[in-house]
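I opened my notebook to look up a few things in one structure.

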Amino acid sequence: MFPTKTKAKRRTRSKPLHRSPIAIVAVVLAALVIRLPMLGKSFIGDEIWTLQFARQPLPHLFSYVATHDSHPPLYYLIIHFWRMLGAGEIWMRIPGVLLGVGTCYLVFLIASEFTSRRGALTAALFAAVSPGLIAISQLARNYVLVTFLIALSTYILIGIIRRP
């Protein structure tokens, strides 16, 4: 009698964590969670000015910012419309948190162009836990918007340069 052949069970290897999309989702979620705890603190001087600028009627916003501030008006426009959805310290700081988290993801995308996925995840993790990036993400000021736009323009520039 001959032994019957049985199909050998195929062992499926799971992807290493750094190759899984779960890894970047975890880093982005960590960036979000790290930025949330201090949002309820009282507004400080610069944030009060931001809210004052954003309260202006839309037609007057540009002239008001031009005569009273040296920063471009985009962040004030964002806050102007954001205020229509709610108010309070936490709510007014949410755009900064979202832009900060978006910056972490953009760091991942930029680093992916130059290094391995593991290296890109490491770069995104460093951005997620960077004290400076966390601090500007928790303020109702335009600093994190500038950081986000620099990262976005860098990513777009890399795409344009690498286009065939």
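First, a term I need: a residue is buried under 20% relative accessible area, exposed over 50%, and partly exposed in between. I also note that this is a predicted model.

**Entry 1: salt bridges**

I asked how many salt bridges the structure holds. It holds two. As background, side chains of opposite charge can pair when their charged atoms come close.

I looked up E113 and R162. Their side chains meet in a salt bridge, at 3.0 Å from N to O. E113 sits in the loop between helix 5 and helix 6, while R162 is in helix 8.

Is R162 buried or exposed, or in between? Its relative accessibility is 47%, so R162 counts as partly exposed. E113 has 30% relative accessibility, so E113 is partly exposed too.

Next I took E47 and R93. Their side chains form a salt bridge, with 2.8 Å from N to O. Are E47 and R93 buried or exposed? Both are buried.

**Entry 2: the nonpolar patch**

I turned to the surface. Which residues form a nonpolar patch there? I wrote down L74, I78, L149, L152, I156 and I160. Together they have about 460 Å² of accessible area. Two elements give two or more residues to the patch: helix 4 (74-82) and helix 8 (143-162). Helix 8 gives the most, with four residues.

I160 is found in helix 8. Its relative accessible area is 46%, so I160 is partly exposed.

**Entry 3: helix packing**

I checked helix 5 (residues 89-112) against helix 6 (residues 117-129). They pack at an angle of about 150°, and their axes are 8 Å apart. Angles over 145 degrees count as roughly antiparallel, so helix 5 is roughly antiparallel to helix 6. Helix 5 passes helix 6 in a right-handed crossing.

Then I checked helix 4 against helix 5. At what angle do their axes cross? They cross at roughly 135° and come within 10 Å. Helix 4 and helix 5 are therefore oblique to each other. Their crossing is right-handed.

Key:
Residues are numbered from 1 along each chain as its sequence is written. This is a predicted model: local features need pLDDT of at least 70, side-chain atom pairs count only at pLDDT 80 or more; totals for chains, interfaces and linings use all residues. Side-chain values use heavy atoms; hydrogens and water are left out. Patches are made of residues with over 30% relative accessible area and no salt bridge: like charges are joined within 9 Å, nonpolar side chains (Val, Leu, Ile, Met, Phe, Trp, Tyr) within 5 Å. Accessible areas come from the Shrake-Rupley method with a 1.4 Å probe; for residues, only the protein chains shown count as cover. A salt bridge is a side-chain nitrogen of Lys or Arg within 4 Å of a carboxyl oxygen of Asp or Glu. Buried means under 20% relative accessible area, exposed over 50%, partly exposed in between (1.4 Å probe, protein chains only). Axes are lines fitted to C-alpha atoms, for helices over the stretch in contact, and angles run from 0 to 180 degrees between N-to-C directions. Angles under 35 degrees count as roughly parallel, over 145 as roughly antiparallel, 65 to 115 as roughly perpendicular and the rest as oblique. A crossing is left-handed if the near helix is turned anticlockwise from the far one by less than a right angle, and right-handed if clockwise.
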